[in-house]
Amino acid sequence: MARNLGRFLVLIAAALIYSSAIASSIFQPISDSHRSAALELFNPLGGSFSSVEETYEELRTFEVLGIDRRSDISTAACQSVLEILGSSSSTLKDLFYALKINGILQCGIKEDVFEGVASRLQAVVGGASALLDFYYSVGGLVLIKGQTSKDDLYLADAEGVFRSIKALSQSDGRWRYNSNNPESSTFAAGLALEALAGIVSLSSSEIDQSLISTTKNDILKLFDSIEKYDDGAFYFDEKLVGAREHQGALSTTSSVVRGLTAFAAVTSGSLNLPRGKILGLAKFFLGIGIPGDAKDLFNQVDSLAFLESNTYDSFGSCCRVSIPLILSLPATVLSMTKKDALKVKVSTVLGSNAPPLTVNLLQVFRSGSKDTSLIESQELKFDPENAVYTLDALPKSIDVGKYTFVFEMVLHDSDHKNLYATGGQTRIPIFVTGVIEVDSAEIAVLDSDLGSIETKKKIDLAEENTVSLSANHLQKLRLSFQLSTPLGHAFKPHQAILKLTHETKVEHMFVMGSSGKQFEIILDFLGQVEKFFYLSGRYNIQLAVGDAVMENSFLKAIGHVDLDLPKPPEKAPQPPAQPLDPNLIYGPKAEIAHIFRAPEKLPPKELSLTFSGLTLLPFLGFLIGLLRLGVNLKNFPSSSVPAMFATLFHLGIAAVLLLYMLFWLKLDLFTTLKALGFLGAFLMFVGHRILSHLASSSSSKLKSA
C-alpha cells in the first residue's frame with residue numbers, strides 16, 4: 001500500500017501539470033512527432049490506397065512535412081493518374097485529384113490528354129448548376145493551366161459562371177450546394193471561395209469589381225459566425241442539419257481556410273480580416289495536437305501550410321493572408337535547484353524561423369492571484385545559434401509555485417506588421433519547482449486530560465525512522481513539522497497525509513492541517529475508537545507530502561504505535577473486508593493429480609470365446625426346428641409382382657437381423673433406432689402386400705373347392 005500511495009502522489013503531480021497545460025493550451029508548431037505520425041497513418045493495406053483522393057492527401061501531407069516518399073508512391077500513383085485522365089468515364093472528382101497528384105509528381109502527361117480533359121471540363125462548367133460540379137471542373141481547369149504551356153486556357157463566360165456560383169450564396173456568408181437545396185453550409189462556403197478564385201484566374205478579362213466586393217463582404221459575414229475557445233482558438237463549425245455527410249469542425253475550418261487564402265491570392269486589396277482571428281485559426285489547428293486519423297492530419301497540415309505560405313495555394317497561386325507566429329516554450333517546468341533558464345521560441349506554424357523581432361516578458365502573476373505583477377518588463381536575449389530567446393536567471397521574486405508569464409512579440413520591421421500576426425500578449429503557465437525544506441519534525445503521545453507530553457521524539461524526514469510508541473484510548477498522538485520554500489516562505493503542498501495501518505491491513509488516512517509554515521495533526525484516540533473499529537495492536541505510521549512543484553515529495557515510514565483500545569460493544573462497526581491478493585485469485589492454481597479407478601479383473605479370453613459360441617446354440621436350434629417342421633417354398637408366389645414383394649419382405653427381415661448385428665458391433669442406440677424405424681415402415685408395407693396376396697389366393701382356392 002505504501003507503493004500505491006507513492007504512485008498516487010506522482011500521478012497527482014503529473015495531473016496538476018498536465019491539467020494546467022491543457023487549460024491554457026500551450027501551442028507548439030509542427031514537429032517531428034507529426035512526421036512520425038504521418039509515416040504511421042499513411043500506410044495503406046496492400047501498398048495501395050482505396051481512392052485517388054487518399055493518394056493526393058498522402059502526397060500533399062508528405063510534401064508539407066518535408067518527407068520524401070515519392071519514389072515509393074510515384075509509379076503506382078502515376079499509373080492511376082494516366083488511367084483516370086485517359087478514361088472518358090472518370091468522375092469529375094477523380095479528374096480533379098488526379099491533376100493535383102500530377103502537379104506534385106509530374107507524371108509526364110501528354111498535351112493531347114490535357115486538351116481532352118480540358119474540353120470535357122469546359123463543357124461541364126458551361127452546363128453546371130451544383131456547387132461541387134463547379135468546384136471540381138473549375139479547379140481542374142486551373143490545375144491544367146498551371147501544368148501545361150498553354151496560356152490561352154480561359155473560360156468563355158467567366159463572369160457568368162461567377163454569377164452562377166454567387167447565386168448559391170446566403171446572407172450569412174454560407175453557401176448552398178445547389179439551388180434546389182435550401183440548407184446552407186459553412187463547409188460549402190470554402191468550396192465556393194476556391195471555385196470563385198479559380199474563375200478569376202481563368203478569366204480573360206477583369207471580373208466586375210462589384211461581384212468581388214460582394215464576395216469579400218460574404219467572407220466578413222462568415223467570420224462573424226466564427227466560434228471561439230477560451231484559449232484564443234477560433235474555428236468554424238458545420239450547422240447544416242440535413243447533410244448526407246456531416247463535416248466536423250476540423251474539416252469545416254480547413255475548407256474555409258483554403259477558400260479564403262485562394263480568393264485573397266487572386267484579388268486585389270485586403271480582406272480586412274482581424275489578424276487575431278487568423279492567429280486563432282492557427283491555434284485551433286495546432287491545439288488539436290497530433291491527430292490519430294489520416295484525414296484529420298491532412299486537414300491540419302494542409303491548412304497550416306496555406307496560413308504560412310505566400311507562394312502556394314490549392315490552385316497554384318500565391319496567398320496574402322497574415323502569417324501567424326507562434327510563441328512556444330521548450331519547457332514549462334523550471335527548476336530552481338538546477339537553475340534552469342527561461343527559453344522562448346518564436347516560429348511559424350510549420351516550425352520555420354520567425355522574422356527579426358523582440359520578445360518581452362511583460363508580467364508574471366502567481367496562479368490564481370490578481371495582484372500586481374511580480375516583476376517589471378524585461379527583454380529576453382536572442383540566441384541566434386539556437387534561434388531561442390532566453391532569460392538566464394529567474395527574477396529574485398520568483399519562488400516555487402505555479403505562475404502565469406505574459407509575453408509580447410514586437411516586430412522590428414514595420415512592413416512585417418501587416419504580413420505577420422503576433423496576437424498581442426501571450427499568457428503561458430509555468431511551474432517553478434524546487435527543494436522544500438522540512439524542519440522541526442516531531443511526534444509525541446499526549447495525556448488526554450492534562451495535555452502533558454508523555455512521550456516525544458524528534459524525527460528526520462529526510463532519513464529513515466523507526467520510532468516506537470505506545471498509547472491507549474485516553475491519550476492523543478501529535479505529529480508536527482514545518483515546510484518552507486528555498487526563499488524561506490511558507491509552503492502548502494497539495495497533499496499532506498498521515499497514514500496508520502493496522503497489522504490486519506486496515507488503513508486510516510488523515511489530512512494534516514497547516515498554519516503558515518507549521519503543519520500539525522492531533523489524533524484523539526478516544527474520539528476515534530469507532531473509526532479504528534476498536535482494533536488494538538500495532539499500527540505502522542507513514543507520512544506522505546507531495547506537490548507538483550516540490551522536487552523532494554516523499555512517502556516516509558516513521559515507525560509504529562502500539563495502541564490499546566477498549567473491547568468493542570455488541571453493535572460496534574466491523575472493519576471492512578480486505579481485498580484479496582490478485583495472485584490468489586488469478587494466479588496459477590495447484591496441480592490436480594487425478595487418480596483413476598483400477599480396471600476390473602476380466603475373465604480369460606478362452607472363457608469369453610466359449611461363452612460367445614454358446615450364444616449361437618439357440619440359432620442352431622431354430623434352424624433344426626425349421627427342418628423338422630418341413631419348411632418349404634411351395635407357397636412362394638409365382639406371379640412377378642407378389643414374388644417381388646415376397647422377396648423384398650424376406651430381404652427386409654434379413655436387413656433387420658443385419659442391423660442387430662451392427663448394433664452389437666459398432667452402432668449406438670439412437671442410430672440403430674433411426675434405421676430400424678425406416679426398415680419397420682418398409683416391412684409393414686411389403687408385408688401387408690404379400691399377406692394380402694396370400695389371403696386372396698387362399699379364398700380363391702376355397703371357392704373353387
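The largest cavity has a volume of about 40 Å³, the volume being the space filled by probe spheres set on grid points that are joined across faces, edges and corners. The structure, a predicted model in which local features need pLDDT of at least 70 and side-chain atom pairs count only at pLDDT 80 or more, whereas totals for chains, interfaces and linings use all residues, holds 1 cavity of 30 Å³ or more. A cavity is here a set of points, on a 1 Å grid over the protein atoms alone, where a 1.4 Å probe fits but cannot get out, and lining residues have an atom within 4 Å of a point. Residues are numbered from 1 along each chain as its sequence is written, and side-chain values use heavy atoms, with hydrogens and water left out.

The lining of the largest cavity consists of E111, F114, E115, A118, I144, T148, K150 and L153, and its largest share, 4 residues, is contributed by α6; helices (H or I, at least four residues) and strands (E, at least two) are DSSP runs numbered from the N terminus. By class, this lining comprises 4 nonpolar, 1 polar and 3 charged residues, where Ala, Val, Leu, Ile, Met, Phe, Trp, Tyr, Cys and Pro count as nonpolar, Asp, Glu, Lys and Arg as charged, and the others, Gly among them, as polar. E115 and I144 are separated by 29 residues in sequence and by 8.8 Å in space, C-alpha to C-alpha.

The structure also holds 1 disulfide, defined as a pair of cysteine sulfur atoms within 2.5 Å. This bond joins C78 to C107 with an S to S distance of 2.1 Å, and the link is left-handed, with -75 degrees about the S-S bond. C78 lies in helix α4 (residues 70-86) and C107 in the loop between α5 (92-105) and α6 (111-127), so the pair ties together parts that are 29 residues apart in sequence. Both cysteines are buried, C78 at 13% relative accessibility and C107 with a relative accessible area of 14%.

Helix α5 has 14 residues and reaches 20 Å from its first C-alpha to its last, close to the 20 Å expected at 1.5 Å a residue, the expected span being 1.5 Å times one less than the number of residues. Because 11 of its 14 residues are buried, α5 is largely enclosed by the rest of the structure. The cover over these buried residues includes α3 (52-65), α4, α6 and α7 (131-147), and α5 is followed by Q106, whose phi is positive, near 55 degrees.

For helix α12 (residues 275-287), the 13 residues should span 18 Å, and the end C-alpha atoms are 18 Å apart, which agrees. Its buried residues, among them I278, L281 and F284, pack against α10 (209-224), β4 (234-235), α11 (249-266), α13 (294-308), β5 (323-328) and β13 (420-421). Just after α12, G289 takes a positive phi of about 80 degrees.

Within strand β24 (residues 554-564), V561 is buried, with a relative accessible area of 0%. Leaving aside neighbours within four places in sequence, V561 is in contact (heavy atoms within 4.5 Å) with L469, S470, A471, G537, R538, Y539 and I541.

Conventions
Buried means under 20% relative accessible area, exposed over 50%, partly exposed in between (1.4 Å probe, protein chains only). On a 1 Å grid over the protein atoms alone, a cavity is a set of points where a 1.4 Å probe fits but cannot get out, and a pocket is an open set with protein on both sides within 12 Å along at least five of seven lines; lining residues have an atom within 4 Å of a point.
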